Amino acid sequence: MIAIALQVLWLYLAVGALFALLFQFRGLVQVDSGVEDSSLWTRLLITPGIVALWPLMARKWARARHGESGEGAAEAPVTARGLRLLHRRLVWILPLAAIVAALAISQRPAVPGSGEQAPDLGLSPNALPATVLAPFTPFEGIPLEISLRGQAVGRVQVEARSPRDLAVPSAWLYFSVEDLPSGVAATGTAEDSDGLPPGSVLLGPVWGPGVQRYALPQGETGSRGSLSLYSLGWGRRVGSFSLGANESAAHSSAPSAAAPTSAAMPTSVAIPTSEVGAS
Amino acid sequence: MSVGYTTVQWNRDKKVYDAVLLGGLLATIGAFAGVTAATHPGATAETLILRSTALAALLLLHVILAIGPLSRLDRRFLVLLYNRRHLGVTTFSLGLVHAALATLQYGAFGDRPAVESLLNSYSKDFLPSSSLAALANVPFEIFGAVALGFLFLLAATSHDFWNRNLGPAVWKLLHLGVIIAYASLLLHVALGVLQSESSLLYPILLGVGFVVLLGLHWAAARREGAVDDSALGPKPGPESEGYRRACAVEELKEDHGHIAVLERGAGDPPEGKPHRVAIFLHQGRVYALSNVCRHQGGPLGEGQVIDGCVTCPWHGWQYRAHDGVSPPPFTEVVPTYSARIVDGEVWVHPEPLAEGTESDGALVEKAAEEAAAEAEPFYVGYLPTPGPLVTHARRVAIALLLGVPLVAGAVGAVQHQFLDGTFEFGVVKSFEGVLVEEPLPALIVDGPTGGATPQDSLLLVGFGKQGLPDFAQGHGGSRVRFNGSLIYRGNLTMVEMNDPESFEVLGAGAPPSPAQPLGTLTLRGELVDTKCYGGVMRPAVGKVHRACAIACLRGGIPPGILVRGDAEEGEPTPGTVVLLAGPDGKSLDFDPSWAALEVEAEGELTLHGQSAVLRTRELRLTDS
């Protein structure tokens with residue numbers, strides 16, 4: 001529809017341009033003798049109007065050729081009062097436009113991330129307080145806090161909280177039922193420390209600022225396992241920690257020596273057993 | 001008034017008027033651009049021009065629309081009305097610059113003609129929807145085009161040639177189109193930039209502007225209505241001969257106009273009611289003329305007699321009181337009416353006299369000292385301006401010169417930050433590596449090339465809004481060399497292949513390392529074209545950029561999903577883009593018109609070199 005309208009408009013204007021060219025040489029002075037001694041600038045100044053209103057000028061030209069002077073004559077008799085009434089009626093489109101505009105503004109999308117909490121995963125209000133792991137800084141100067149929340153329905157929710165944007169490099173959080181290989185931190189070889197544990201499941205991307213929430217896969221939460229933070233930009237794991245169901249000690253891993261940041265080691269955590277896997 | 005036409009009938013007042021206009025314009029654009037550049041390091045010159053011209057045009061249109069009713073309510077504002085057409089032409093010119101640049105940036109260099117691409121990329125979102133939220137997706141560009149069209153008509157016909165050849169009534173009728181232009185601009189702004197900007201200042205300013213304008217027009221209309229209602233009722237006397245009571249003689253002041261409204265008679269046609277005439281007391285005689293100036297329909301009854309001629313308050317056109325003819329060499333004529341004085345009242349016959357008929361007027365027996373009145377300050381552009389009017393005009397000019405740039409600066413300050421990113425436009429470098437076409441066109445390199453940060457994979461796009469250019473297609477797996485320009489933001493790096501002549505196939509290349517699966521997930525974010533997001537456009541996201549993003553995606557620019565964290569102090573965070581491919585590792589089949597909308601992409605995340613690509617099983621619009 002719009003494409004067709006544009007084609008018609010271009011055609012109309014093209015005809016208008018051709019007409020204006022001809023009219024400047026042949027008809028303009030016949031229609032209005034006042035143009036006769038006018039400068040080239042004046043003629044140029046009125047040309048866009050001739051292009052736009054060429055049917056009107058063509059009619060005046062035709063009349064002038066038949067000896068009818070159209071100079072100064074109104075094309076349609078509209079009284080001043082008629083104009084005032086029309087003006088009053090036309091002004092009513094302004095409130096209409098304003099209403100549509102106001103509705104459109106009211107429907108504008110919120111600023112991404114503005115006031116939108118990451119969706120809670122269905123924890124009841126009396127869920128236990130979060131178990132907060134020690135904050136660590138996998139990326140230079142950007143602290144990241146991982147915490148766990150559990151409740152009786154058997155869900156465990158992982159929360160990643162960062163005060164700043166982690167977009168570069170982007171980071172992804174993985175869960176594996178496999179614990180971290182023993183002594184991985186001490187070993188520190190690229191293959192051992194940088195890769196993901198076998199069977200890792202992607203929980204989701206981690207980016208700040210704010211909180212992201214992820215659900216640990218159901219049925220696995222009572223088992224040992226590990227969470228790993230994987231940097232896409234660097235192509236390796238930059239931090240991980242073990243989840244122990246009933247133990248307070250756990251493995252920990254460190255970023256490799258080549259990591260550009262000094263990351264404090266995340267500690268292990270014991271998922272509150274009274275709240276996990278009870279269903 | 002003119003015999004022949006000149007480009008502009010310059011006089012001192014018009015020059016001062018235009019100097020103030022130019023100063024105000026520079027101050028407004030300067031304030032917006034200066035504040036934006038100072039507070040928004042990511043702003044580009046194109047963005048500054050695009051937005052500052054749009055803002056200046058909108059503010060100027062408010063001034064234009066306010067001058068009319070202000071002049072009706074307070075005649076001192078007639079000084080501003082005198083050269084208003086220059087404001088109108090300037091408004092159109094600013095709008096044209098804005099539209100031309102927007103068309104060039106957002107519509108050109110794609111697979112369709114630029115204007116069509118800009119206006120028609122998501123016109124299906126005009127379709128009515130039961131959801132009010134869908135209103136936010138309605139295209140805004142078309143309203144800008146409508147407004148520009150009307151502003152063009154008004155600017156193109158602003159010369160007196162058009163006034164004369166269309167006739168004042170039709171000319172005035174045409175120029176009522178400014179109301180449609182303003183309504184269209186309201187929608188253009190509300191459906192466009194206000195969908196991307198979140199500051200409350202914008203709707204507040206737009207709302208205040210609207211309320212002030214509507215209030216002024218309403219007040220002026222009430223005043224005009226009161227004038228129409230002021231017709232004196234019928235009374236026995238010469239009314240039987242068709243004369244109508246106009247006013248009391250004591251209401252008249254020497255050489256000052258008075259608008260009288262004639263009551264409709266029993267046999268009058270309906271359109272004759274009520275009938276305004278301009279009554280003048282000049283040298284002891286009362287004359288009645290049409291109240292409508294032949295120029296732009298100005299109210300002659302609000303004019304004065306200058307040099308023996310009735311002078312219109314709008315632009316100073318003159319007519320002799322006794323016959324309604326302009327003084328030689330001018331030829332304009334307004335109708336005159338027969339007037340009588342009966343019992344201290346002026347009576348006027350509503351039937352105009354034959355054009356140019358001389359009339360002796362009605363003799364008034366009124367004491368000279370009573371008739372003589374201290375002349376009210378009256379503005380005629382080509383004559384020296386009375387002191388009180390100069391003072392008032394100066395105050396208004398100073399208020400506008402200070403106030404409008406202040407608003408412009410505030411508008412500039414509260415914009416959202418622009419994404420960073422770099423497009424090395426005009427900087428051509430040489431690149432070499434193995435070309436791959438799937439899942440997304442890329443150059444696999446084994447070291448720094450073209451001065452790029454060490455990356456093992458550079459996305460490839462063509463000039464403008466094109467994906468992998470034709471000359472490079474079909475060479476997947478080959479080692480190639482070519483010239484191009486870098487585009488980079490964060491870990492997204494691409495090359496615009498803008499030099500077909502430089503493209504060389506060097507032989508078979510080593511197969512790329514297999515993609516590393518990273519797991520399955522669902523991402524939620526804005527569908528973007530990665531070329532603009534990478535640094536070519538600012539802004540490259542949101543509604544204002546939607547037509548461009550659609551054209552880019554339609555042209556084969558790799559799609560991406562922009563995911564962001566929580567906003568900080570109302571500012572969206574830059575976020576990160578994950579590239580989207582089809583589930584089979586080929587290009588994604590999707591609807592490009594979803595660009596700039598929030599989508600959910602579900603699939604398997606794979607790592608190709610250092611680029612994350614979501615092999616998308618399903619791409620869907622979110623409910624919000």
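Trainee: Is Gln9(B) buried, partly exposed or exposed, and why?
Mentor: Gln9(B) is partly exposed, because 13 other C-beta atoms lie within 10 Å. The cut-offs, with C-beta atoms placed from the backbone, are 20 or more other C-beta atoms within 10 Å for buried, 12 or fewer for exposed, and partly exposed in between.
Trainee: Before we go on, what kind of model is this, and how do the labels work?
Mentor: This is a predicted model, where local features need pLDDT of at least 70, side-chain atom pairs count only at pLDDT 80 or more, and totals for chains, interfaces and linings use all residues. Residues are numbered from 1 along each chain as its sequence is written, while chains are lettered from A and ligands numbered from 1 in the order in which they are written.
Trainee: Back to Gln9(B), where is it in the chain?
Mentor: Gln9(B) is in the segment before α1 (12-39) of chain B. Helices here are DSSP runs of H or I with at least four residues, strands are runs of E with at least two, and both are numbered from the N terminus.
Trainee: And how far apart are Gln9(B) and Tyr382(B)?
Mentor: In sequence, 373 residues; in space, 9.7 Å from C-alpha to C-alpha.
Trainee: Switching to chain A, how many helices and strands does it have?
Mentor: Chain A has eight helices and 10 strands. Of its 279 residues, 35% are buried.
Trainee: At what angle do α1 and α3 of chain A cross?
Mentor: The axes of α1(A) (residues 2-26) and α3(A) (residues 40-52) cross at roughly 135° and come within 8 Å. That makes α1(A) oblique to α3(A); under 35 degrees counts as roughly parallel, over 145 as roughly antiparallel, 65 to 115 as roughly perpendicular, and the rest as oblique. Axes are lines fitted to C-alpha atoms, for helices over the stretch in contact, and angles run from 0 to 180 degrees between N-to-C directions.
Trainee: Which residues meet there?
Mentor: Among them, Leu13(A) and Phe23(A) are on the α1(A) side, with Ile50(A) and Val51(A) on the α3(A) side. Contact means C-beta atoms, placed from the backbone, within 7 Å.
Trainee: How many residues of chain B are in contact with chain A?
Mentor: 74 residues of chain B are in contact with 69 residues of chain A. Helix α9 (residues 177-191) of chain B gives the largest share of chain B's side, eight residues.

Note on methods. Two residues are in contact if their C-beta atoms, placed from the backbone, lie within 7 Å.
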